[in-house]
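New notebook page. I'm opening this one for the first time and jotting down what I look up as I go.

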Amino acid sequence: MKSGLYIVATPIGNIGDISPRALQVLQEADVIACEDSRVTKKLFSLLGISCAKEFVTYQNYNEEEQYPKLLSLLEKERSIALVSDAGSPLISDPGYKIVRHCREKGFYVTAVPGCCAVITALQLSGLPTNRFMFAGFVPNKEKGRIDFLLELKNIKSTLILYETAPRLLKTLEVVRSLYGNREIAVARELTKMYEECIRGTADELIVYYTQKPAKGEIVVMIAPPTETDATSTLDIEALLKEKLAQLPLKSAVKELVATYNLNKNEIYDLALRIKNEQ
Ligand code: SAM
């Protein structure tokens, strides 16, 4: 096999999704660069591929340390297959830095495409597919999650996010409070036995996943804002009205500003206007 870096997609659940070309490249490559050699060796044994070759771990945390090793293997005219634990390498997985280095050095780089959770989920969602934005994993911490979702709120595309089961409900609730009752699809366990893709309004999905807590691997997709959807001011206005019904003006402003990282003066002015109109 020609020396170079081969970016090889592997199944995200159903082992039958490996492509003949991926099988051939994985069989013939001199070196396998992978996130976790135990996971990849298990995959190789399921696929009937020999593990008698060099495995190099390549992860986000050790990329700086490992890329010179891979480049020196390419200088020795080796062929390297880059895989992630599952799905398409580089998509919320490490790899783009080694691709850059390979290109700078003039090494051959090619992709062997296949499964990718983003695309599979979008295909099943029933949400618009002509424009979509993949934004990776939703941040774990409350403030990070709010900042991240606020930044993406007005993008006129289907928004695709990776999420974990224990955090799904919290993310749906924050989306509901920031985006309004938009249509959302949640895809779970794609290509596996319990594959599921549920679409509904934010409120419907919150009820569904409260009654039936989600398990497994998850992709969340949010419909683009419609013309009649609340603009950011209108949504904030609704949230503020809700707070003003419960709290004195200053406390309502303070709480909203802190929770959603908003501009204090703007929210104070908006609160005064709402009070005057009431
Ligand atoms: N690079 C992989 C890809 O794009 O196919 C994704 C790697 S990322 C570290 C793992 C995340 O992808 C999971 O937490 C989940 O959000 C999503 N994912 C992967 N496999 C999935 C599946 N079978 N069903 C639903 N989501 C999946």
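Which residues are the closest to the ligand, and how many surround it? I keep in mind that I'm looking at a predicted model.

**Ligand.** I looked up the surroundings and got 18 residues around the ligand. The closest are S88, I91, D93, Y162 and I218.

Next I checked polar backbone atoms. A backbone N or O atom of S88 sits 2.8 Å from a nitrogen atom of the ligand. For I91, I also read 2.8 Å between a polar backbone atom and a ligand nitrogen. A117 has a polar backbone atom 2.9 Å from an oxygen atom of the ligand. Then I looked up the cover: on its own the ligand has 580 Å² of accessible area, and the protein covers 91% of that.

**Domains.** I find the protein chain split into domain 1 (4–115), domain 2 (118–231) and domain 3 (236–277). I wanted to know how domain 1 and domain 2 meet. Their C-alpha centres are 30 Å apart, and the contact takes six residues from domain 1 and 10 residues from domain 2.

**Between domain 1 and domain 2.** I get about 530 Å² buried between the two, with 61% of it on carbon and sulfur atoms. On the domain 1 side, I12, I91 and S92 supply 73% of the area buried against domain 2. I91 is a name I had already written down, as one of the closest residues to the ligand.

I counted zero salt bridges between domain 1 and domain 2, but two residue pairs are in polar contact. Where domain 1 touches domain 2, I sort its residues into two nonpolar, three polar and one charged.

Terms used:
Residues are numbered from 1 along each chain as its sequence is written. This is a predicted model: local features need pLDDT of at least 70, side-chain atom pairs count only at pLDDT 80 or more; totals for chains, interfaces and linings use all residues. Side-chain values use heavy atoms; hydrogens and water are left out. Domain bounds come from an automatic or database domain assignment. Contact means heavy atoms within 4.5 Å. Buried area is the accessible area (1.4 Å probe) that two parts lose on being put together, summed over both. A salt bridge is a side-chain nitrogen of Lys or Arg within 4 Å of a carboxyl oxygen of Asp or Glu. A polar contact is a pair of N or O atoms within 3.5 Å; within protein, one must be able to donate a hydrogen and the other to accept it, and residues adjacent in sequence count only if both atoms are side-chain atoms. Ala, Val, Leu, Ile, Met, Phe, Trp, Tyr, Cys and Pro count as nonpolar, Asp, Glu, Lys and Arg as charged, and the others, Gly among them, as polar. A residue is near a molecule or strand if one of its heavy atoms lies within 4 Å of it. Accessible areas come from the Shrake-Rupley method with a 1.4 Å probe; for residues, only the protein chains shown count as cover.
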